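Please open the model in your viewer and keep the selection panel at hand. The stops below go from a single residue to the whole chain.

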Amino acid sequence: MTPVALAVDDLRDQYLREMALVRQTYDRTGDGTAAIRRRSAVVDRTLIEMWRRAFTGQSAQSVALLALGGYGRKDLFPFSDIDVLFVFADDKVEEQAKDTVRSIIQGMWDIGLRASPASRTAKEAGRFDPDNLEFTLATLDRRFLAGSFPLYQQLHQTVFPGLVLSEWNTITQKLGEIARARHAKYGNTIFHLEPNLKECPGGLRDYHLALWFALLFHLKETKEWPRQRGGVFQSARGDAEAAFDFLAAARCFLHFRHGRDDNTLDWQSQDDAATNSIGLETRGTADPAYWMRTYYRHARVIYRRAALLMEHLPAPVSFYRQFRRRRTPIAGTDFLLDQGRIDILPGAQFNDTSAILRVFSLMATHGYTLSQAAEDRITDALPALAIHIPEGPFLWNALREVLLGPHAAHALRTMHALGILEMLIPEFHGIDALVIRDSYHRYTVDEHTFLTIDNVHALRQPAHDYEHRLAQLLPEIDRLDLFLLSLLLHDTGKGRRSGEHTGQSVELAATFLARLDFDAEEREEVIQLIRLHLEMSNALRRDIFDLENIRNFADKVGNPSILKMLTLMTYADIKAVNPEALTPWKAENLWQLYMATANFMDRSVDEVRYHAAIDPTLLNRIRSMVPASQYDALRQFLEGLPQRYLQTRLPEHIRNHFQLALNLDSDPVQLDLRPHRQLFDLTVIARDRSRLFADVAGALAAWGMNIVKAGAFSNEAGIVVDSFQFTDVFRTIELNPSEKDRFLSSLHDVVAQKTPVEQLLEARRHLSHNGSAKVEVATRLQFDSESSTHSTLLQVIAQDVPGLLRQIALTLNAHQCNIEVALIDTEGENAIDVFYLTSHGAKLSADQQRELAETLTASLDAMRAPVH
């Protein structure tokens, strides 16, 4: 039987009018919470009227309509689904009412409501389906809408509470598993460049997760449903509720902006939300970085509260744990330890800051966590604790114990979230949730700081080869406590947002160190590390085998002890920028720079170029790998090659390159391609010619390869050994092994000038016009004729676009510049390339630099991708 369609044209018109008013009110007030409540009320009226029209007489006495999920909470966002439940007294009633129910559902769609209906008999509603936890969770947020209220009361007072209590352990464990899986999907962090307001950690899903857990714990304890749903989840400072209001405003903004249920806060949406001060108390225009700072603060509150409630979940009880002592008092404090969680004694009074600092020391040492009750009590006691803030040696000893613990970052995050860290170190407040808004810096400055400390402690259990090498330096640091304190303070100057942050951080650190009563030597060590903390990163952007670069860097560092700490500091700092920032080749370069500088400090620095008469060791070592008839040719091949080429390759690789060079008479282009950790290492051997470097760079770009490092080398005989390290972005070679030969053949023909590289690049342009840049990077050029004795350094910072390196090389060639070394680096959408240049064997004159800058800037600006 086909159900009779309901006449809903008038309801559709009324719904659209009322939603237009909801939108107007939201645009005027910015109140997202009020908007979702109003939409819930609008839908309530619509469905109740549809129910009245569909059910006539006594036909609805044994049927009830319930609102579930977000609709049941009255959190109905502008384009969210409408979750409803049709409940029937028994199977007979369900059969009689099914056509009427279908007409209501069809009417909802006709009006424009995205219906998400479910139907159950009262008996079915009391059954738990472990494969459909979503339905059980939806019933936690239920409301009566229409039909039989006694039937609803039966469900509300008996059926649903009985189901939840009987399956309480299963429900809570599965809910925790689902939440942990979702958190893992998003990297267990709130920090995302374009977060999903609903699903990301710290989003609305976590807010509702906290509500569900609070409700489930309340039901288990009292055996009855709470009279007021919100009463079971109220934060002491109202910060969770404020966070919900902000997220509600932001999600409404996204829904209205896109006209659909879109919850991704993309880059452009962040700009527009800030322009309209969405979720902020003040109207007008806000800075996008400030607006995202507000978002992260709210997300942090929600994520933390949800995580704490999840920690209350009961673990499976083992035979051993049944006989363990569960609650152990912590000596000298009002706290006790309960299965890895620190709780508070009833009636505890907080007037002793030292006891609280001892608790954080235990957290840093053992990885313990605080209970929600303990956190709330500490937060409430902050005003009293602030009266007796410790200073001098007592404060330093307490902070030192935290910093040296293997779980130091965990303890510091908790101190920060509760306001303790800023109470002890007010200088830290400026970087609270501070956003560096670009596509390279993933974390806020405070979280970045905690991650640097995490990265250092993680070296106690190294996972990668480069970590094993760096870990050797850790035991050689005499004052690890001072080193970790330097990490804690190294970016505090970013909070001032005035000028270069290193100097500002030094000033703030000096103020704090004065309160610790450090002696002059301790203070100078911390200050020097903070002052120098960017120098090694800057040196990595120069040729790390250039003697002048090493000499300048060594002069700034001063001594081997500071060099060791600065190496670990740079490692921890780069790794904490984003998960992909520290690539294996960057870690390798960091170690090479450390070794080169350490050798220089030991007065054992190699010559810039190799000469067998000066150092026959390498010649003799490789000579043992080749026939005697090739000795003279080997000597000629090595003569004049830069030391940076020889030091970054195994003797076997150099031997292979030499063997390839012997074949140049039969084939003027020799290629060597081999995997190198996560990269591919390509060596091109040919006789020097104009535009050789540019052609290879262009061919790689045409194949979609992303060049991360390059070097241009030649010997005295004019044999070029160009090196390129690149990532295979589209996994062309990995997924299609047969493509390797075609790839090498294509490169060969370009280098041999059989195939114009422009032909390959044009084909590539037709294949990919994929998207635009999120952040516009202005082209910046910097010349330096002082750092190197033989070359002029050119640093190019520009938008990272395909073919960039080729365009730079072409421009340099047009200005008769020879590339001695090319160092290629990428940070987010920033290409940071450094070239060592000569012209006719000499450094570039001031006029040459000016003319080159004009041409290069114009050509790179013409390549820049449009920003949308």
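Contact, as used on this tour, means heavy atoms within 4.5 Å. This is a predicted model, in which local features need pLDDT of at least 70 and side-chain atom pairs count only at pLDDT 80 or more, whereas totals for chains, interfaces and linings use all residues. Residues are numbered from 1 along each chain as its sequence is written, and side-chain values use heavy atoms, with hydrogens and water left out.

**A threonine in the helix α1**

Select Thr 25, which lies in helix α1, residues 9-29; helices (H or I, at least four residues) and strands (E, at least two) are DSSP runs, numbered from the N terminus. Once residues up to four places away in sequence are set aside, Thr 25 touches Gly 30 and Arg 38. Its C-alpha atom is separated by 7.7 Å from that of Ala 35, ten residues apart along the chain. Is Thr 25 buried or exposed? Thr 25 has a relative accessible area of 14% and is therefore buried, a word that means under 20% relative accessible area, with exposed meaning over 50% and partly exposed in between (1.4 Å probe, protein chains only).

**A helix pair**

Next, show helix α13 (residues 353-366) together with helix α16 (residues 408-418), which pack at an angle of about 140° with their axes 7 Å apart. Axes are lines fitted to C-alpha atoms, for helices over the stretch in contact, and angles run from 0 to 180 degrees between N-to-C directions. On the α13 side the contact is made by Leu 357, Phe 360, Met 363 and Ala 364, and on the α16 side by residues including His 410, Thr 414 and Leu 418. The residues of this contact divide into eight nonpolar, two polar and no charged, where Ala, Val, Leu, Ile, Met, Phe, Trp, Tyr, Cys and Pro count as nonpolar, Asp, Glu, Lys and Arg as charged, and the others, Gly among them, as polar.

**The nonpolar cores**

A nonpolar core is a set of buried Ala, Val, Leu, Ile, Met, Phe, Trp, Tyr and Cys residues joined through side-chain atoms within 4.5 Å. Which members of the largest nonpolar core touch the most other members? They are Ile 420, Phe 483 and Leu 485, out of 101 residues. Centre the view on Phe 483, which, leaving aside its neighbours within four places in sequence, is in contact with Val 456, Ile 477, Leu 529, Met 565, Leu 568 and Met 569. Apart from this core lies another, of 74 residues, among them Phe 86, Ile 104, Met 108 and Tyr 296.

**Enclosed space**

On a 1 Å grid over the protein atoms alone, a cavity is a set of points where a 1.4 Å probe fits but cannot get out, and lining residues have an atom within 4 Å of a point. Grid points are joined across faces, edges and corners, and a volume is the space filled by probe spheres set on the points. The largest cavity holds about 100 Å³ of space; of the 14 residues that line it, the closest to its centre are Leu 193, Tyr 296, Val 435, Ile 436 and His 441. The elements that give two or more residues to this lining are α11 (267-275) and α12 (288-311).

**The whole chain**

Finally, zoom out to the chain, which has 36 helices and 16 strands and whose C-alpha trace spans about 105 × 70 × 55 Å along its principal axes. Of its 868 residues, 55% count as buried.

Technical notes. 1 Å grid on protein atoms, 1.4 Å probe; cavity = no way out; pocket = protein on both sides within 12 Å on 5 of 7 lines; lining within 4 Å.
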